Amino acid sequence: MPLALLTLGLALGCEAHPEAPLVCLDMCQAAEGLYGQCLEDWGLGWPDAGHESGESFVDACTTWTWELQVLEEEEIQAGQDVGGRTQDFCEQRFNTLSANEATCAAYTDQEWGHLL
């Protein structure tokens with residue numbers, strides 16, 4: 001977020017949203033490594049997957065996990081018992097994607113739009 005917008009938000013009394021758990025960044029980096037290798041094996045590049053680069057893939061992934069964390073926090077504030085859902089999701093995906101025996105199917109078989 002640009003500094004001017006952050007400063008404006010703080011001046012107006014907006015609450016800062018939580019950050020995604022660190023394991024989500026690890027998960028996104030593991031996904032980028034595995035998927036990037038798969039794209040290369042398939043004779044494709046990041047633009048074929050809708051991203052400018054591996055870095056833009058990680059940026060999109062970490063933004064998505066941040067959004068998951070924001071939604072989780074809003075659900076908790078509304079009285080729902082979902083605490084730790086984003087953390088658990090990222091840990092499970094990280095373990096799957098970073099396993100020594102992980103294949104392209106470890107990435108492509110994931111339902112990325114669904115939580116655990």
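"Buried" here means under 20% relative accessible area, exposed means over 50%, and partly exposed lies in between, with a 1.4 Å probe and protein chains only. By that rule Phe-89 is buried, with a relative accessible area of 0%.

Colleagues, this is a predicted model, in which local features need pLDDT of at least 70 and side-chain atom pairs count only at pLDDT 80 or more, while totals for chains, interfaces and linings use all residues. Residues are numbered from 1 along each chain as its sequence is written, and side-chain values use heavy atoms, leaving out hydrogens and water.

I begin with the disulfides. A disulfide is a covalent bond between the sulfur atoms of two cysteines; the criterion here is a pair of cysteine sulfur atoms within 2.5 Å. The count comes to 3 disulfides. Cys-24 is joined to Cys-90, S to S 2.0 Å, and connects helix α2 with helix α4 across 66 residues. Helices are DSSP runs of H or I with at least four residues, numbered from the N terminus. Both Cys-24 and Cys-90 have 0% relative accessibility and count as buried.

Because Cys-28 lies in helix α2 and Cys-61 in helix α3, the pair ties together parts 33 residues apart in sequence.

In the third, the sulfur atoms of Cys-38 and Cys-104 are 2.1 Å apart. Cys-38 is in helix α2 and Cys-104 in helix α5 (residues 104-108), so parts 66 residues apart in sequence are tied together. With the bonded cysteines numbered in sequence order, the pairing reads 1-5, 2-4, 3-6.

Next, the aromatic rings. Rings of Phe, Tyr and Trp (its six-membered ring) pair if their centres lie within 6.5 Å; planes under 30 degrees apart are stacked, over 60 edge-to-face, and the rest tilted. The whole structure holds 7 aromatic pairs. One of them is Tyr-35 with Trp-46, edge-to-face at 5.6 Å centre to centre and 80° between the planes. Tyr-35 lies in helix α2 (residues 22-41) and Trp-46 in the loop between α2 and α3 (54-77), so the pair ties together parts 11 residues apart in sequence. Tyr-35 and Trp-46 are buried. Trp-64 and Phe-89 form another edge-to-face pair, 5.5 Å centre to centre with 80° between the planes. Trp-64 belongs to helix α3 and Phe-89 to helix α4 (residues 85-98). Trp-64, at 23% relative accessibility, counts as partly exposed.

Technical notes
Helix = DSSP H or I, 4+ residues; strand = E, 2+ residues; numbered from the N terminus.
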